[in-house]
Amino acid sequence: MSDTHAHVNKEESIFKVAVNLILACLVSGVIIGLVYFVTAPIAVEKNEMTKQQAMKELVTDAESFKEVQGKSEWFAAEKGGKVIAYVVPSETKGYGGAIKMLVAATPDGKIIDYNILSANETPGLGDNAAKEPFKSQFKGKKIDDLIVVKDPSNKENIQAMTGATISSRAVTKGIKEAAETVVQFTGGK
């Protein structure tokens with residue numbers, strides 16, 4: 001067996017490996033494409049159901065949620081054909097970075113509820129903004145009452161979370177800004 005013959009066999013085997021790799025990649029790509037084609041509409045539908053569920057948790061007495069034309073990610077919560085609230089996105093800067101929220105407010109700017117979608121606040125301190133008793137303080141509050149205080153006897157405003165004043169102020173600011181945008185949009189009615 002000559003060197004030339006061995007060299008040709010080596011080139012042939014490298015060529016076969018390359019062809020097999022290309023075929024494997026093509027088959028994998030087709031399979032991934034088919035899986036995506038089948039699952040993408042399901043994922044979109046599931047995402048929409050999750051979004052509807054999240055809004056229903058914020059405005060429990062709403063019968064339906066409709067997208068607000070010209071407003072990105074805004075939804076009008078309706079009951080009996082009348083808008084009873086708006087669910088709007090809000091983003092603010094906390095101690096650990098961006099805090100993204102969904103805020104539900106009445107057309108005249110009273111807070112109904114909120115959900116924190118993502119945040120990097122300190123565990124056991126700033127992350128308590130998504131929990132009770134901090135969360136329930138906002139319910140029914142007007143825009144002017146959304147001020148963070150450290151005085152436990154002051155029930156009109158928002159009592160800061162112990163050891164997490166920055167997070168308390170950030171969440172309150174995000175909620176206040178969301179309510180203000182709703183009032184600007186509705187004219188406070």
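**View 1. Threonine 165, a buried residue of the predicted model.** At 18% relative accessibility, threonine 165 counts as buried, a word used for residues under 20% relative accessible area, with exposed meaning over 50% and partly exposed in between (1.4 Å probe, protein chains only). The model is predicted, so local features need pLDDT of at least 70 and side-chain atom pairs count only at pLDDT 80 or more, while totals for chains, interfaces and linings use all residues. Residues are numbered from 1 along each chain as its sequence is written, and side-chain values use heavy atoms, with hydrogens and water left out. Threonine 165 lies in helix H2, where helices (H or I, at least four residues) and strands (E, at least two) are DSSP runs numbered from the N terminus. Leaving aside neighbours within four places in sequence, threonine 165 is in contact (heavy atoms within 4.5 Å) with Lys150 and Ala160. An unreviewed UniProt entry annotates Thr165 as "modified residue: FMN phosphoryl threonine"; such annotations, given here in the numbering of this model and with shortened feature names, may be inferred rather than shown by experiment.

**View 2. The largest nonpolar core.** This core has 25 residues, and those with the most contacts inside it are Tyr114, Phe134, Phe138, Val171 and Ile175; a nonpolar core is a set of buried Ala, Val, Leu, Ile, Met, Phe, Trp, Tyr and Cys residues joined through side-chain atoms within 4.5 Å. Helix H2 gives the most to this core, with 6 residues. Leaving aside its neighbours within four places in sequence, phenylalanine 138 is in contact with Ile111, Tyr114, Leu146, Ile158, Thr172 and Ile175.
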